Amino acid sequence: MSPSKKVKFMSLFAGAVALSTVFAPLSINAQPAAPQVGQRAGAGKGMGKMAGIELSAEQQAQMEQIRNETRTQIEGVLSPEQRQQWQAATQNGQRRRGAMAALNLSAAQRTQIRQIMQSSKERATAVLTPEQRQQIEQRMQQWRQQRQQRNQTSN
């Protein structure tokens with residue numbers, strides 16, 4: 001794969017991953033239980049790097065608010081057709097990455113969504129304690145190392 005194609009692919013992949021974390025709750029029909037003090041973030045919710053991090057009830061409420069606002073903002077970027085395609089694909093069990101790629105986002109939409117996701121990430125990080133941020137950073141480093149090892153063995 002040429003370097004320019006890799007850059008385009010990574011850009012699309014990053015956008016798909018970002019969107020999947022926001023839209024994941026759309027594919028869940030059940031209402032979540034009330035947060036419990038000391039409950040682990042993302043317990044059963046597939047929150048990726050946040051999974052297993054202990055959050056207070058207040059932090060959980062703040063994170064839920066950020067998630068909801070982010071989802072609303074991103075839905076505002078999508079056309080009605082794209083929103084409908086996304087919901088249909090996720091309800092039919094299609095993987096989020098494939099469903100996102102099928103939306104054919106414009107360059108402007110990808111840029112807007114990246115900006116929304118960056119802002120959401122900053123807001124979510126501000127909710128966390130320094131210890132929680134450190135735990136997430138450690139997980140991200142482990143994930144990068146594993147990804148790098150997979151890439152080295154597949155090349």
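Trainee: Which residues make up the largest nonpolar core here?

Mentor: In this predicted model, that core has 12 residues: Ile74, Val77, Leu78, Trp86, Ala89, Ala99, Met100, Leu103, Leu105, Ile113, Ile116 and Met117. Helices α2 (57–77), α3 (80–91), α4 (96–101) and α5 (107–127) each supply at least two of its residues. The largest share, 3 residues, comes from α5. Another core, of 9 residues, lies apart from it and includes Ile53, Met63, Val127 and Leu128.

Trainee: What makes a set of residues a nonpolar core?

Mentor: Its members must be buried residues of the listed nonpolar types, joined through side-chain atoms within 4.5 Å. The 12 residues from Ile74 to Met117 form the largest such set.

Trainee: How is the protein chain built overall, in helices and strands?

Mentor: The protein chain has 6 helices and 0 strands, and its elements run α-α-α-α-α-α from the N terminus on. Of its 155 residues, 28% are buried. Among contacts with a separation of 6 or more, 65% join residues 24 or more positions apart.

Trainee: Why are α2 and α5 called roughly antiparallel?

Mentor: Two packed helices are described by the angle between their axes and the distance between the axes. For α2 and α5 the angle is about 170°, and the axes are 10 Å apart. The cut-off for roughly antiparallel is over 145 degrees, so α2 and α5 are roughly antiparallel to each other.

Trainee: Which residues of α2 and α5 meet?

Mentor: On the α2 side they include Gln59, Met63, Ile66, Thr70 and Ile74, and on the α5 side they include Ile113, Ile116, Ser120, Ala124 and Val127.

Trainee: Let's take Thr70 in α2. Why does Thr70 count as buried?

Mentor: Buried means under 20% relative accessible area. Thr70 has 3% relative accessibility, so Thr70 counts as buried. A polar atom of its side chain lies 2.7 Å from the backbone oxygen of Ile66. Thr70 and Ile116 are 46 residues apart in sequence, yet their C-alpha atoms are 6.8 Å apart in space.

Trainee: How do you know that the Gln59 side chain makes a polar contact with Val127?

Mentor: The side chain of Gln59 reaches the backbone oxygen of Val127 at 3.1 Å, and the cut-off for a polar contact is within 3.5 Å. Gln59 is found in α2. Leaving aside neighbours within four places in sequence, Gln59 is in contact with Glu54, Val127, Leu128, Thr129 and Gln132.

Trainee: Where does Asn104 lie, and what makes Asn104 exposed?

Mentor: Asn104 lies in the loop between α4 and α5. Its relative accessible area is 62%, and exposed means over 50%, so Asn104 is exposed. Asn104 also has a positive phi of about 50°, although it is not a glycine.

Definitions and conventions: Residues numbered from 1 in each chain as written. Predicted model: local features only at pLDDT ≥ 70, side-chain atom pairs only at ≥ 80, totals over all residues. Heavy atoms only, no water. Buried < 20%, exposed > 50% of the residue type's maximum accessible area, 1.4 Å probe, protein only. Helix = DSSP H or I, 4+ residues; strand = E, 2+ residues; numbered from the N terminus. Polar contact = N/O pair within 3.5 Å; in protein donor to acceptor, adjacent residues only side chain to side chain. Contact = heavy atoms within 4.5 Å. Axes fitted to C-alpha atoms, helices over the stretch in contact; angles between N-to-C directions. Parallel < 35°, antiparallel > 145°, perpendicular 65-115°, else oblique.
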